[in-house]
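Please keep the 3D view open as you read.

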Amino acid sequence: MAMLEIENLHVTADGKEIVRGLDLAVPAGEVHAIMGPNGSGKSTLAYVLAGREDYEVTEGRVRFLGRDLLAMEPEERAAAGLFLAMQYPVEIPGVSNTYFLRQAVNALRKARGEPEMKPAEFMKRLREAARTVGIREELLRRDLNADFSGGEKKRNEILQLLVLEPAFAILDETDSGLDIDALKAVARAVNGLRGPERGFLVITHYQRLLEFIVPDRVHVMVEGRIVRSGGKELARELEERGYEPFLREAA
Amino acid sequence: MSDAVETVRELTERDYEWGFVTPVEEETVPPGLDEDVIRLISRKKEEPAWLTEWRLEAFRRWRRMEEPRWARVHYPPIDYQAISYFAAPKQKERPKSLDDIDPEIRRTYEKLGIPIREQEILAGVAVDYVFDSVSVATTFKKKLEELGIIFCSISEAVRDHPELVRRYLGSVVPPGDNFYAALNSAVFSDGSFVYVPPGVRCPMELSTYFRINAAGTGQFERTLIIADRGSYVSYLEGCTAPMRDENQLHAAVVELIALDEAEIKYSTVQNWYPGDREGRGGIYNFVTKRGLCKGVRSKISWTQVETGSAITWKYPSCVLQGDESVGEFYSVALTNNFQQADTGTKMIHIGRHTRSRIVSKGIAAGRSQNTYRGLVRILRGAEGARNHTQCDSLLIGDRCGAHTVPYIEVKNPSARVEHEATTSKLSEAQLFYCRARGIPLEDAVALVVNGFCREVMDELPMEFAVEARKLLGISLEGSVG
């Protein structure tokens, strides 16, 4: 059984259907990529999986590690091991990056019935993660995402990924706005986490990221559906031909 | 938002934990107020004739005054003749040592999480405990005496240090200052007194814990703090009251005096019973707090975290008389359900190169109304005066209100006055972000709100800050969801 199983998912927002009968299964140990043009519903899918409330699921089901994902609160999904690296991370003024992450670590531990992480252990893990993704110590002390550059915000999402070590991570256009060095740092972090127990869903416009995080499967999403799936070579094909042929098919 | 609103609602509607009543025998005078009652209070406290006369004079003025109506708060008329103006736990005499305190009162403070036992008191905080109208204990007295610091109840100060009390009582808040101050001057029962001698830096936080217990009473405490030349003192005030359906009146007066190069830091965590979800009961908190920066380069800093009371009417102020003196006001006012708060500050710049800073954070949830009202007045002689005001409001849900009423009066052209204000709604995106990282909704609300208040919370002494942070979370339970 796959880690994440999506069956016939339909999602509307503001009365408009955005995801229109999507099927997808990601087994443990695999990295799947979803590629697609703007407005195809990729980010909506990511938000729905993480539990954002602005969307309505009208049909279909999602199972995560055998549980009914859509019946769970966002924090329960996180506790079950789901993580979303967001495209637009929010700022929380007055709450330091480090404090926030420590709250998150301990909230997850509490939900799983584990004791709090010792401050020294947490700091060690945080500093290691910061080195891996190339985040300066100073950024750890600043308010969460406040006055971070676009690139810093993305790196910070991956920092959280490293510290929280979720079973399954969704990366929503983490590559957009990143220079090549940042892209490599993100890929290094993700690749370091790959393993037989862990799954990834990487959402992106461009094939570039997939040169560094090589996926097991690539899915093309157009107008709320997966219209084609294939191996990693599909990403290259998309880069050459664009989404045009798929859009025509969908129409 | 629906989920978020639900949680803030759960958070905000959690029961008031401090609402119990202590079964001690209390001595109260019958309801009503006339000159005989005032004489009775004064006699019970064995006061000198000048003070009895001072009270009576205040009472005569009060009778000619009218309740202020300009605040943005609404409540039915208060029957001042229905209130009992004196309540005290029955005890033959003031306990000689901490061991003599009525075990019931001791248990009360233990339930509130503040044991009356010196060795256990939070890392060296000296505490004065005021139970209803009288002070029941003051800790660490010996240690402070060695430094010449006087920290006692104001009744004791009247007896043991009459020259200081007579000189300063009413010197910052005169008896006729306003309706509630006049009432307080007439009937004040107890409160704390602090005097720090020249050049002494008080080595520990001084603290008073106020507890209203008896029914049908008002609490009218009076605090007087004098920091002599070059001294420093940090003072904390905490308060709770039982849950009752009736409204209880609390009309305190606090006066601070800082002489040359002295500094006073005054922190309050106000958690009087706010009333129930329907707005029944709760404390009317009508308080006058004012500090006089009398000396050059003196400094007075007010920090308040206001989460309780049905109605709060309170403007801790600074009169910056000494040249280069500094006034600060850091405030968090949180209202929920049917609470109403009209709070802010006055910064009166008289001396040259005086500076003031105002940071106000208002949080409104439920159907509450939260008003910041502030005055910055720069007088003609206040050459080079400076003020910076920052006033932020956070709204939770769509049935509450936040209001900002700043007054700025500048008579000196060299002054620089800045005012910044923002209003925002608790952001669904922020809450979702926290939750997606595993932080449950209630904790997420507390986290975001504490972040919003951070600049003020950072001003609180450490022991208090932890308490205040928790209190913000608890006070918001149920307001989102």
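## Strand E15 of chain B and its neighbours

In this predicted model, E15(B) and strand E18 (residues 340–349) of chain B run parallel and are joined by four bridges. Here strands (E, at least two residues) and helices (H or I, at least four) are DSSP runs numbered from the N terminus, and two strands pair if DSSP finds at least two bridges between them.

How are the faces of strand E15 (residues 311–314) of chain B covered? Both are: Ile311(B) and Trp313(B) are buried on one side, and Thr312(B) and Lys314(B) are buried on the other. Buried means under 20% relative accessible area, exposed means over 50%, and partly exposed lies in between, using a 1.4 Å probe and protein chains only.

A word on the ground rules: residues are numbered from 1 along each chain as its sequence is written, while chains are lettered from A and ligands numbered from 1 in the order in which they are written. As this is a predicted model, local features need pLDDT of at least 70 and side-chain atom pairs count only at pLDDT 80 or more, whereas totals for chains, interfaces and linings use all residues; side-chain values use heavy atoms, with hydrogens and water left out.

## Around Ser325 of chain B

Ser325(B) sits in the loop between strand E16 (317–320) and strand E17 (326–335) of chain B. Its relative accessibility is 0%, so Ser325(B) counts as buried. Leaving aside residues up to four places away in sequence, Ser325(B) touches Cys293(B), Gly295(B), Arg297(B), Ser298(B), Leu320(B), His353(B), Thr354(B) and Arg355(B); contact means heavy atoms within 4.5 Å. The C-alpha atom of Ser325(B) is 8.2 Å from that of Lys294(B), although these residues are 31 apart along the chain.

Arg297(B), one of those contacts, belongs to the loop between E13 and strand E14 (299–306) of chain B. Most residues other than glycine have a negative phi. Arg297(B), which is not a glycine, has a positive phi of about 50 degrees. Its relative accessibility is 43%, so Arg297(B) counts as partly exposed.

## A helix pair in chain B

Helix H2 (residues 35–44) and helix H3 (residues 49–64) of chain B pack with their axes 10 Å apart, at an angle of about 150 degrees. Axes are lines fitted to C-alpha atoms, for helices over the stretch in contact, and angles run from 0 to 180 degrees between N-to-C directions. H2(B) and H3(B) are therefore roughly antiparallel to each other; angles under 35 degrees count as roughly parallel, over 145 as roughly antiparallel, 65 to 115 as roughly perpendicular and the rest as oblique.

H2(B) supplies Glu35(B), Ile38(B), Arg39(B), Ile41(B) and Ser42(B) to the contact, and H3(B) supplies Thr52(B), Arg55(B), Leu56(B), Phe59(B) and Arg60(B).

## The open sheet of chain A

Turn now to chain A, where six strands form an open sheet with mixed pairing, in the order E6-E9-E10-E3-E11-E12. Which strands lie at the edges? They are strand E6 (82–85) and strand E12 (225–230) of chain A, each pairing on one side only. From one strand to the next, the twist averages 20 degrees. Strand E11 (residues 217–222) of chain A pairs with E12(A) in the antiparallel sense over five bridges, and Val222(A) stands opposite Arg225(A) in E12(A).

Helix H6 (residues 150–164) of chain A packs on the sheet and touches E6, strand E9 (168–172) and strand E10 (199–204) of chain A. The direction of H6 makes about 165 degrees with that of E6(A). Helix H9 (residues 233–241) of chain A lies across strand E3 (31–35), E11 and E12 of chain A, and runs at about 115 degrees to E12(A).

## A covered helix in chain A

Is helix H1 (residues 42–50) of chain A mostly covered or mostly open? Mostly covered: nine of its nine residues are buried, among them Lys42(A), Tyr47(A) and Leu49(A). Just after H1(A), Gly51(A) takes a positive phi of about 105 degrees.
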